[in-house]
Amino acid sequence: MVKSKYKAVFYIVLSAFCFALMGLFVSASGDLPTMQKVFFRNFFALFIAIVSLKKSGTKFEIGDKKNHAVLFVRAFGGTIGMVGNFYALGKMNLSDALMLNKMSPFFVIVFSFIFLKEKLTPFQALTVAGAFIGSLFIIKPSFSNVELFPAICGFLGGMGAGLAYTCVRYLGQHGVKGPVIVAYFSAFSSLFALPFLIIQYKPMTLVQFLMLLGAGVSAAGGQFSITAAYSHAPAKEISVYDYSQLIFSTILGVIFLNQFPDKWSFVGYVIIITMAVLVFVYNNFLHVENEKKQ
């Protein structure tokens, strides 16, 4: 049990670095249409997922009808979340956009309560509310804020990602292999974005193509890692470590994009991360108390 949790922590920190790197590549790809970025990011990731399936000898097995439905919801929620996140990445500071996406663990708590019937305590409800307040410091809701719409898209992207990760947790518990989940999601997202790509396609420079290639490769690494993480431990026990992505994205944004978050964004970061740490400490406390009772 402990060994499995250590593996989950390792995988979720690795996924945080991969997704921060993906965000950097997406931001650096310039003013390409959002759906074009989504398509190429997932097309490259799909190729990697197929190679992984063949190399590991994993059969593309999903299981019963309920697994099929959950996998579809995972793919749809993840795709909508990605569209919102990529749009925000193209319009906002890198660390701000990724921090809004990091609302996903709190949505995991909410969706796990709704769909997986996992217990939601008043304390957890308060931390979710606190995280929402923190997100407002990053969104800065006002009609004079030119980044308001991208920020809202980024927030909704976090919601979609939270729904997707809840489904990943369910699928991992019901025997669906990680490479199968990644391959299905990548194929679904590519097909979803394809019509928009055809209509809105914008010629790319070699550098832009390489940036999207890098986004696809790093995203595949992030997907495999996050899938492994949530398959080894419940989201409520490890989600706090996903906030290491803020450290990675801030460093990458400063070094490569010359982006510095403003003071209100930092206030939002502190509030959201504090809520995440409180949830983590609370869950550990409950775990210790439950062991004492046994």
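The residue in view is Thr79.

Analyst: This is a predicted model, in which local features need pLDDT of at least 70, side-chain atom pairs count only at pLDDT 80 or more, and totals for chains, interfaces and linings use all residues. Residues are numbered from 1 along each chain as its sequence is written, and side-chain values use heavy atoms, with hydrogens and water left out.

Thr79 lies in helix 3, which covers residues 65-91; helices are DSSP runs of H or I with at least four residues, strands are E runs of at least two, and both are numbered from the N terminus. Thr79 counts as buried because its relative accessibility is 0%, where buried means under 20% relative accessible area, exposed over 50% and partly exposed in between, with a 1.4 Å probe and protein chains only. Leaving aside residues up to four places away in sequence, Thr79 touches Phe185, Phe188, Ser189 and Phe192, a contact being heavy atoms within 4.5 Å.

As for the chain, twelve helices and zero strands are present. Its radius of gyration, taken over C-alpha atoms, is 18 Å, close to the 19 Å from the globule rule (2.2 Å times the number of residues to the power 0.38) for 294 residues, so the chain is as compact as a globular protein of that length. Of the 294 residues, 53% are buried. Among contacts in the chain with a separation of 6 or more, 89% join residues 24 or more positions apart. Along the principal axes, the C-alpha atoms fill a box of roughly 65 × 50 × 30 Å.
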